Amino acid sequence: MDCVVTGGNVKVLAKAVQSLSRIGDELYVEPQEDGLALRSVNSSRSAYACFLFAPLFFSRYTTDSGHCFRCKMAIKSVQAVFRSLATLEKNVERCHVKLDEQKSRLTFTLHCKHGLLKTHNLSFQDSESLQAVFDKDASANIFKAQPRLLVDTVVHFPPSLEEVTLTVSEDRMWFKNHVEEDAEPSKSMLTELCLSSDEFDHFSVQSKNSITFCLKELRGLLLFAESIGLPISIHFDEPGCPVVLSVTDTVLEGNFVLATLSDDNNLHKNNSSQPPPPPPDDFMNDDMDSYLIAMDTSVVPGPSSRPEPSRLAAENHRTHDSDEEDGSEHMDGPPNKKFCSLFFGSVLPPPSQMSTQPITTQEVLASDSEDETQLE
Amino acid sequence: MKFRGKIIDVACLNHFTRVITTISKLTKVSVLRLTPDNLFFILSEKVANGGVSMWCELAQGNFFDEFQMEGVTADDNEICLEVAPESLSRALKTLQNAKALKIKLTKKHCPCLTISADLPTLSSVSRVVTHDVPVDIIPRKLWHEFKEPHMPDFDVSIYLPPLKTIKNVVDRMKNLSNFLVLEANMSGQMNLKIETDLVSVTTHFKDLGNPPWGDEGSQRDCEAMAQARLDIRKLQQFLTGQQVNPTKALCNLVHHSLVHLILLHEDVSLQYFIPAVA
């Protein structure tokens with residue numbers, strides 16, 4: 001593979017690498033006929049991200065057609081190539097990426113101003129295929145928003161916050177921080193934000209429900225989308241099924257697939273599969289507050305208290321999800337809940353699938369060692 | 001018990017946020033006392049704090065457009081809560097462009113101070129953000145621990161040099177020693193001293209001026225220095241938290257015993273007590 005990125009696209013590439021670094025420690029590189037795919041996955045296999053850069057993104061793009069090549073390398077090394085993003089735009093005229101299979105090296109050459117050439121030789125390892133199978137267009141709930149909206153939403157939550165719960169009704173979307181059930185309830189600060197459908201470019205809800213996912217990984221995508229200025233699409237179905245967030249442009253496509261919390265245990269009060277009643281959005285009406293807060297009275301939540309997101313029963317999961325869960329690396333957390341691992345699989349994707357999944361893929365992602373992978 | 005307050009003015013919100021951020025830098029947990037006219041942030045002297053105590057008084061009328069409270073009973077018309085100021089600060093910081101901000105005492109999963117704000121948006125419906133900050137209600141039997149501290153019987157009272165200057169000095173001194181001696185006299189002179197085996201460093205300030213408290217200090221020899229040896233980190237923590245230059249900043253020294261720092265802004269007063277160490 002041999003390609004050249006020019007001008008402002010160097011920064012785009014650098015930002016993509018930076019946002020992939022928020023997901024996992026390794027960058028999976030796969031030059032394909034339809035473009036260069038850069039992917040990353042987190043250690044617990046609950047977050048996956050992929051950027052596909054079409055040949056038109058590059059000023060020159062050549063690959064060894066017919067020869068399927070994949071490699072992975074430490075993402076920190078690649079980030080080191082694009083260090084000081086702020087000056088990248090000003091100094092770097094183009095970036096030449098060349099693959100040397102004999103020496104197992106990927107060479108990044110930055111052509112900078114004043115004739116300066118910075119060459120980075122990064123060694124890589126062969127890798128198994130990394131593909132997540134998902135069909136975002138078939139999702140029940142699809143939204144599209146400018147990145148600023150989501151950035152402004154996420155800013156209200158502390159940077160250390162792990163998980164956020166997103167609830168939708170036909171014209172509203174709520175974000176609130178998710179508190180672990182076994183954490184001390186009296187110590188956690190709860191934050192909730194309500195967005196109206198007007199603020200979105202597209203807002204379509206077929207299934208009113210809530211999903212909980214990791215906020216930290218979303219911030220990676222927001223970083224990219226905001227700096228490049230692309231709207232973000234959000235697709236999801238039910239809790240337990242992954243949420244897909246994507247940015248699309250004529251020459252690139254980025255997808256972040258995040259696992260969502262599924263709760264097999266129906267201990268909570270909202271057992272029904274009905275969506276929770278939306279929290280009252282009439283915050284101007286003070287009379288709703290619980291009036292007396294005496295130390296020894298029992299809790300009677302007023303109408304302003306927030307309902308728990310409904311927990312759908314286990315049978316709502318797709319069967320192959322549960323197969324995958326058994327085989328996947330075990331998640332941290334109490335036994336009565338777990339993130340569904342994303343379904344990485346050898347299913348032949350239908351033609352409507354996005355182009356980041358070449359039909360030739362037949363690999364199953366091994367959870368531990370690479371010995372188990374089957375080569376084509 | 002009931003409390004509800006509303007801030008509409010952007011400048012008031014900004015100022016309120018800054019006060020709370022300052023408090024959050026001074027202590028992780030603070031007592032908040034609400035009366036019909038005032039809010040107090042209090043840190044009482046405890047071994048756990050290293051003997052440091054704090055008293056911050058805000059006149060509610062300077063911040064809130066609406067302020068309603070009903071205390072525990074008609075006789076004890078106050079509310080006393082324990083709260084983490086950092087959570088309040090974090091909640092307020094991102095709401096600076098709110099159209100209106102409301103704080104109320106609520107009972108969610110536990111007693112909370114609920115901060116809710118309407119943020120302006122391009123659409124017709126405003127964006128509503130709610131933060132529930134958990135608090136602990138302090139029972140009346142403990143209220144005596146949170147009374148206004150008495151003015152100590154000081155030996156010297158002096159105006160402080162600009163806080164930023166002292167902070168720079170103290171930051172650098174901290175690298176050399178864990179203890180600092182603060183001394184001052186009634187002639188407007190103040191010294192900050194550190195002493196180690198290898199080196200001693202003194203920074204001299206003069207012409208600071210002494211506040212006119214009356215004739216309490218007049219018997220004292222003007223040149224005589226009163227001093228107190230302090231844990232330098234406590235002084236540094238106090239100085240780091242200050243974000244705005246106060247209208248008045250002064251220091252009362254009790255020889256070998258206590259440093260009492262008083263910062264006065266237009267609508268906020270902050271008192272900070274640092275005990276001397278041997």
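## Terms and basis

Helices (H or I, at least four residues) and strands (E, at least two) are DSSP runs, numbered from the N terminus. The model is predicted: local features need pLDDT of at least 70 and side-chain atom pairs count only at pLDDT 80 or more, while totals for chains, interfaces and linings use all residues. Residues are numbered from 1 along each chain as its sequence is written, chains are lettered from A and ligands numbered from 1 in the order in which they are written, and side-chain values use heavy atoms, with hydrogens and water left out.

## The largest cavity

A cavity is a set of points, on a 1 Å grid over the protein atoms alone, where a 1.4 Å probe fits but cannot get out; lining residues have an atom within 4 Å of a point. The whole structure contains 17 cavities of 30 Å³ or more, and the largest has a volume of about 130 Å³, a volume being the space filled by probe spheres set on the points, which are joined across faces, edges and corners.

Helix H1 (10–26) and strand E18 (268–275) of chain B each supply at least two lining residues, with H1(B) giving the most, five. Among the lining residues are B:His15, B:Arg18, B:Cys56 and B:Leu270.

## Packing of H1(B) and H2(B)

The axes (lines fitted to C-alpha atoms, for helices over the stretch in contact) of H1(B) and helix H2 (residues 85–93) of chain B come within 8 Å and cross at roughly 150°, on a scale from 0 to 180 degrees between N-to-C directions. The two helices are therefore roughly antiparallel (over 145 degrees). The contact (heavy atoms within 4.5 Å) includes B:Phe16 and B:Ile20 of H1(B) and B:Leu88 and B:Leu92 of H2(B).

Notes:
1 Å grid on protein atoms, 1.4 Å probe; cavity = no way out; pocket = protein on both sides within 12 Å on 5 of 7 lines; lining within 4 Å. Parallel < 35°, antiparallel > 145°, perpendicular 65-115°, else oblique.
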